[in-house]
Amino acid sequence: MSAREWSPRFDESFFTCYIISRATLHSTPDATYKNIRSHTHPALYFNIKVKRGRKEEIVARRYSHFRSLYDDVRRNPPDYDDVRTSNQVHFPPKTCFFSKIDDDFLDNREEELGIFLEHLLKQPNYSKHPAVREFLGLDGINSDS
């Protein structure tokens with residue numbers, strides 16, 4: 001569900017999410033997402049606000065985590081997926097490590113990842129996909145707690 005349509009009156013079967021910020025972290029944030037590995041070098045994380053029922057959480061994900069999500073849903077689409085639909089979800093390309101990365105690039109990357117997430121979740125049944133639920137930490141968000 002888009003953030004514009006969201007209401008905390010919805011029960012926990014509904015959720016919305018959107019990127020709220022980005023941060024360069026020197027250590028791995030506390031999280032249980034499968035692809036987060038410990039690191040001591042700076043890494044760029046995108047902070048995603050996830051609202052479910054009356055509860056809100058923020059999950060931090062790197063570009064590589066978004067890519068892993070994209071690969072997971074492409075490899076294992078919902079059984080009722082129309083192949084033409086999954087091909088419509090665009091994922092922003094990886095950037096050469098030696099490219100200059102400035103604020104304009106990061107603003108654009110953040111916007112592209114937000115669009116990717118929004119388009120993915122608008123596809124029929126993708127919001128129930130196990131990879132999506134894990135990526136957003138949905139199973140750890142209970143609206144009653």
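Predicted model: local features only at pLDDT ≥ 70, side-chain atom pairs only at ≥ 80, totals over all residues.
The partner of E57 in a salt bridge is K55, and their closest N and O atoms are 3.5 Å apart. K55 is likewise partly exposed, because its relative accessible area of 22% lies between the limits of 20% and 50%.

A salt bridge also joins K49 to E56, again with 3.5 Å between the closest N and O atoms. E56 has a relative accessible area of 42%, which means that this residue is partly exposed. In general, side chains of opposite charge can pair when their charged atoms come close.

## Salt bridges elsewhere

In the whole structure, a search finds eight salt bridges. One of them connects the side chains of R75 and D72, with an N to O distance of 2.7 Å. These two residues are three positions apart in helix 1, so about one helical turn separates them. R75 counts as exposed because its relative accessibility is 62%, whereas D72 is buried, with a relative accessible area of 13%. Salt bridges with shared partners also join R22, D107 and E110 into one network.

## Aromatic pairs

The search of the whole structure finds six aromatic pairs. The ring centres of F46 and F66 are 6.2 Å apart and the ring planes meet at 85°, so this pair is edge-to-face. F46 belongs to strand 2 (residues 43-52) and F66 to helix 1 (residues 63-75), so the pair links distant parts of the chain, 20 residues apart. F46 counts as buried because its relative accessibility is 1%; F66 is buried too, with a relative accessible area of 0%.

F66 also forms an edge-to-face pair with F135, in which the centres are 5.0 Å apart and the planes are at 65°. Because F135 lies in helix 4 (residues 130-136) and F66 in helix 1, this pair ties together parts that are 69 residues apart in sequence. Both F66 and F135 are buried. Elsewhere, ring pairs link Y63, Y70, F91 and F116 into a cluster.

## Arginines over rings

Two arginines lie over aromatic faces. R61 is placed over the face of F135, 5.6 Å from the ring centre. R62 lies over the face of Y45, at 5.9 Å from the ring centre.

## The nonpolar core

The largest nonpolar core contains 25 residues, and those with the most contacts inside it include F66, F116 and I48. At least two residues of this core come from each of strand 1 (15-25), strand 2, helix 1, helix 3 (103-122) and helix 4. In soluble globular proteins, nonpolar side chains tend to be buried together.

Note on methods: Residues numbered from 1 in each chain as written. Heavy atoms only, no water. Phe/Tyr/Trp six-rings, centres within 6.5 Å; stacked < 30°, edge-to-face > 60°. Helix = DSSP H or I, 4+ residues; strand = E, 2+ residues; numbered from the N terminus. Buried < 20%, exposed > 50% of the residue type's maximum accessible area, 1.4 Å probe, protein only. Lys NZ or Arg CZ within 6 Å of the ring centre and 35° of its normal. Core = buried A, V, L, I, M, F, W, Y, C linked by side-chain atoms within 4.5 Å. Salt bridge = Lys/Arg side-chain N within 4 Å of Asp/Glu carboxyl O.
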